[in-house]
Amino acid sequence: MIMNGEAKDGEYIYKGGRTSLSTRGRRALAPFSPYIKAVNDAKKNPWSLANPDGYFVMATAESILSFDLVHEKIRNCREVPATVGLYGNFRGGERLRNAISRMMERTFMGIEVDPSHICISSGVTAVLDLFFFATCNPGDGCLIPAPYFPAFDNDMSIRVGLYCCLHIPKFSPMFKQILILSYYYVTRRCVFESLLQNEVIPIPVMPTDTRTYIPTSKEMEEAVLAAESKGVHARMLLVTNPGNPLGTLYPEATLKELLLWAVKRGLHVLSDEIYANSKFGPSVDEFVSMEKVAKNAVAEGLLSAELASELVHTAYGMSKDFGMNGFRVGCLHTKNKDLLEFWQNMGMFAAVSNDTQHALAIMLEDANFVDRYVEENNRRLKKSYELLTKSFEAAGLRYMPACAAMFCWLDLRNLLTEPTFAAEDCLWKEILDESRIVLTPGQACHYAEPGFFRVCYASMAPASLEVACERLTRFAEKKRRKRKSRGGGFDSDNVVHTDR
């Protein structure tokens, strides 16, 4: 069946033009993010003292705050042994697997990490792609608590063809209907069209508690049943801790509840802990790795060691905590023997160069450097976060307090003209055009209520962040004055919401 076009003389003609690609290749022509063009355009014209009309990109999860420390260190780790020109282990070189294991064990995982349980690939995106390929069939479901990282959809669907499972929180019936209609019609992705195209249905598992966004096993179970009623088989649970876009931590009790529920259902549990060493603020909940939660559950007799080994996995990478996005190094920790054997073969499609592996191994083997770096990076993250939030507070802007990662979840509902995603999109474009700031819209994070935005504050120096904050708060004040003078607009404070 030819979708979005027709076949002629061996070519596919689709709505964007003519292409000779296959159906799956044509599907990959779509941008992986709805705002990536704005990001790329803004990067061509960045703000600086010499270019005061340039753009600020606050929609990309990159950190430059401490890369000066990594840069200085990695330059001294560039030994080039003769063996780097030879094929290596496609699951990752032994030296780097040893170094990453020791680092994860010491800094955040809290359990003994066996290097033989580590698979190394070219970034966590590649890790997720291979993991989904190995564990899921096309059309299987992946439960993800929302809001979540926008690119997960692309990671799941671009080659594998998975579905996110549906669950909408218990808003008032009228407001819930507005959300559903605006969500489907604005994105032009109804359930049936998505099923036919074998695309991800970008609908999250929405926690009812929108004060904390902490999901429950009951909500997960409801999502599974809703998916099954549509013929979608849930295969796995994906949890991000610390969270993106919220910058918060899951309580240990919640992780335990979700883990035991998922394993009882026979689901794979993948914990994305790529921000595990970026913790800077006070929190009632201390970070706990899912691997440690599983180990404790086994010790308590709540989970068998065999099931934990088969179904519990952790992803980590060098991009976020260490600001090394461009090095493209991620890893999977798993005890699943079949998955480890799978990586020995399929890992060759996403292998990291031996030269990069060798340099990173030398850097990570220096435990003193790693510990000093993590401490200093968290200090710098805290400084930028406080600069950002103090400017929001001074301007009367609402946000969700964070304690980890590099994000702030900003509430701009009171700047919307109406409670729809169309209005959110208009506001996003106004901020882009008038303030020359690129933010991540909440709809891209699959949040069910319009008016929220993810702000990435670590992608620029504090001095630049001050200018960006001044622009954003000035824009908000201008919008409020304009709405007040006209005596109209949408007031989020007068809408019935769940407690926040």
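Colleague: Which residues of helix 3 (residues 67–75) are buried?

Modeller: This is a predicted model: local features need pLDDT of at least 70, side-chain atom pairs count only at pLDDT 80 or more, and totals for chains, interfaces and linings use all residues. Residues are numbered from 1 along each chain as its sequence is written, and side-chain values use heavy atoms, with hydrogens and water left out. Helices (H or I, at least four residues) and strands (E, at least two) are DSSP runs numbered from the N terminus, and buried means under 20% relative accessible area, exposed over 50%, partly exposed in between (1.4 Å probe, protein chains only). On those terms, the buried residues of helix 3 are V70, K73 and I74.

Colleague: Which helices are included in what covers the buried residues of helix 3?

Modeller: Contact means heavy atoms within 4.5 Å. The cover over the buried residues of helix 3 includes helix 14 (354–365) and helix 15 (367–394).

Colleague: Which elements do the buried residues of helix 2 pack against?

Modeller: Helix 2 (residues 36–43) has I36, A38, V39 and A42 buried. Their arc is only 160° around the axis, so they lie on the same side of helix 2. What they pack against is strand 4 (56–57), helix 16 (421–435) and strand 14 (437–438).

Colleague: Why is strand 8 (residues 234–240) largely enclosed by the rest of the structure?

Modeller: Two strands pair if DSSP finds at least two bridges between them. Strand 8 is parallel to strand 6 (residues 141–143), with three bridges, and parallel to strand 9 (residues 268–272), with five. Strand 8 is largely enclosed because the buried ones among its seven residues number six.

Colleague: What is the handedness of the β-α-β unit made by strand 8, helix 10 and strand 9?

Modeller: With the strands pointing away from the viewer, a right-handed crossover has a path that runs clockwise from the first strand over the helix to the second. Here the helix is helix 10 (residues 252–264), and the unit that it makes with strand 8 and strand 9 is right-handed.

Colleague: Which residue is the cis peptide bond partner of N241?

Modeller: The loop between strand 8 and helix 10 holds the proline in question. The bond has omega near 0° and runs from N241 to P242.

Colleague: Which residues have the most contacts inside the largest nonpolar core?

Modeller: A nonpolar core is a set of buried Ala, Val, Leu, Ile, Met, Phe, Trp, Tyr and Cys residues joined through side-chain atoms within 4.5 Å. L388 touches residues including M58, V455 and Y457, leaving out those up to four places away in sequence. In the largest core, of 88 residues, those with the most contacts are M58, W343, L388 and L439.

Colleague: Which strands stand at the edges of the open sheet of four strands?

Modeller: The order in this sheet is 12-13-16-15, with antiparallel pairing. Each edge strand has a single partner strand, so one side of each is left without a neighbour in the sheet: these are strand 12 (398–400) and strand 15 (440–441).

Colleague: Is H446 buried or exposed?

Modeller: H446 is in the loop between strand 15 and strand 16. Its phi is near 65°, which is positive in a residue other than glycine. With a relative accessibility of 5%, H446 counts as buried.

Colleague: What is the relative accessibility of R328?

Modeller: R328 is in the loop between strand 10 and strand 11, and its phi, near 55°, is positive although the residue is not glycine. S319 is in contact with R328, as well as with M324 and N325, its neighbours within four places in sequence being left aside. R328 counts as partly exposed because its relative accessibility is 33%.

Colleague: What share of the residues in the protein is buried?

Modeller: The protein has 17 helices and 16 strands. Of its contacts with a separation of 6 or more, 77% are between residues 24 or more positions apart. Among the 500 residues in the protein, the buried share is 55%.

Terms used:
Arc of directions from axis to C-beta.
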